[in-house]
Amino acid sequence: MEFTIKSGSPEKQRTACVVVGVFDNRKLTLSAELIDRAANGYLSEIIRRGDMEGKLGSSLLLHNVPGTLSDRVLLVGLGKEREFREAEFRRALRTAVKLLNETGSYEAVIYVTEESVKKRDIGWRIEHAVVMAMEAVYRFDQMKSNPPELRRPLRKLTLSVPQRSNLATGEAAVNRGMAIASGIKLAKDMGNLPGNICTPTYMGEQALALATELPVIKATVLDRAEIEKLGMGSFLSVTNGSAQPPRFIILEYYGATRKQKPVVLVGKGITFDTGGISLKPGDAMDEMKYDMCGAGSVLGVFRSLGELKPAVNAVGLIATCENMPGSRATKPGDVVKSMSGQTIEILNTDAEGRLVLCDALTYAERFEPAAVVDIATLTGACLIALGNVVAGLFSNNDGLARELLAAGENSYDRAWHMPLLDDYQEQLASNFADFANIGGRPGGAITAACFLSKFAKKFNWAHLDIAGVAWKGGKEKGATGRPVALLVHYLVAQAPDAA
Ligand code: BES
Ligand code: MN
Ligand code: ZN
């Protein structure tokens, strides 16, 4: 989809559709007011009759409104004016774009971006409008033999800004929004692909394809022999039951001077998690194809970086394999040696994410990172603790945690700070190795983070447990692309010229 920024009167737009907001209860926004005046009270008449109350999520499509130059006028409900905040803004945009896409307008001019949102400037509104528009038209039908086709899909959106002096800010925000949206789309596509297609080999190929398409990205893909040579005994123990070979992927983006230390992102890339010998129950097991969403988000972030080209340095590390049972599979009680030299008693083969991540964290040391952030669908316990709203954030550095929380707020891709206290470490005690890979049911998301912290002593590190937010189940089943927006915001804020 193509986006442009414009400043001008709604009644004068020669376009397929003009989109203006109405507040609850029946209050026209300024742009709706302008159309109403040009149309001699046509909108107020409709509203008086009760066809549009302004409730959030509602809409009314009008044709041939007198006094205007557009084919259609779409009224969207914005809810109560005093309650019009980030979530309401985003929802109104999504409603509008979904409708435009389904009702035959191939282009439109949206005025909702002119409505003020508390504490958010025009740049925020434009960026989020772009991201929401791209989310609203997202579909995953690569696997359908006869994908349903829209007759006239939405191709071009013009977003209105109140003043001509907003044009430059608006255009920069469009670029940011487009880059974030294409990172989100890549992360969603990777997540939604089934486990028989999105294998570790496929993930490696996607990384190389990304680097070919965007030359500012470098990708290196290591195979089993190279992973063995690095001594990643913990990572490799997870692959034992699988016929699919593992991959270790290194992505590099240098947008700042070489002496600037990079941020390293580490993604969990279990392309299917059966639990291994500690086999999972069958219920909704298909959703464990999403166990590579941390890795997918890392790939997505690098797509965004490659398009936006901010002045930062970043490295992405992806440890990807399948977790399968089988005659060669790792068994409960097995002891393995990690790349760090620390030994691990694997009491539960379903706690495999931490086993692949720990070796990737050790590998991260060689980049002398400014910070390391791992992203993982790590624990069911995090989903139980926080639900589907926020990601769990753990860190050994409060400054880093604050920056990530702020990035989550600004991108509306929010995280919540969880405790990483030494007191929890004793739950990982083992009689047979340096420590065990599980800490029992109490505080399961925390003990998983404690396990990782043992491999993150040499740098500032944060861990995002995205088990609850990486995908949606039920009727809306699908990957969310989170936390690409959070991570891109965090990285862009590291650039020296960041506002
Ligand atoms: N990938 C799962 C975590 C998960 C489960 C994410 C359900 C989202 C939804 C992870 O590998 C896992 O199986 N974790 C175990 C750990 C336990 C054995 C200590 C869990 O959460 O049950
Ligand atoms: Mn598991
Ligand atoms: Zn898993």
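Which residue coordinates both the manganese ion (ligand 2) and the zinc ion (ligand 3)? I found that Asp-273 does, with the two ions 3.2 Å apart.

**Basis.** I worked on a predicted model, in which local features need pLDDT of at least 70, side-chain atom pairs count only at pLDDT 80 or more, and totals for chains, interfaces and linings use all residues. Residues are numbered from 1 along each chain as its sequence is written, chains are lettered from A and ligands numbered from 1 in the order in which they are written, and side-chain values use heavy atoms, without hydrogens and water.

**Zinc ion (ligand 3).** I looked up the donors (N, O and S atoms within 2.8 Å of the metal, or 3.2 Å for Na, K and Ca; water is not among the atoms, so sites may look incomplete). Lys-268 (NZ), Asp-273 (OD), Asp-291 (OD) and Glu-352 (OE) coordinate the zinc ion at 2.0 to 2.4 Å. I noted their sequence spacing as K-x4-D-x17-D-x60-E.

**Manganese ion (ligand 2).** Here I found Asp-273 (OD), Asp-350 (O), Asp-350 (OD) and Glu-352 (OE) as the coordinating groups, at 2.0 to 2.2 Å. The spacing of these donor residues reads D-x76-D-x1-E.

**Accessibility.** I applied the relative-area classes (buried under 20%, exposed over 50%, partly exposed in between; 1.4 Å probe, protein chains only). Glu-352 is buried at 1%, whereas Asp-350 is partly exposed at 22%. Lys-268 is also buried.

**Thr-447.** I recorded Thr-447 as buried because its relative accessibility is 1%. Beyond neighbours within four places in sequence, its contacts (heavy atoms within 4.5 Å) are Tyr-424, Gln-427, Leu-428, Gly-439, Gly-440 and Pro-442.
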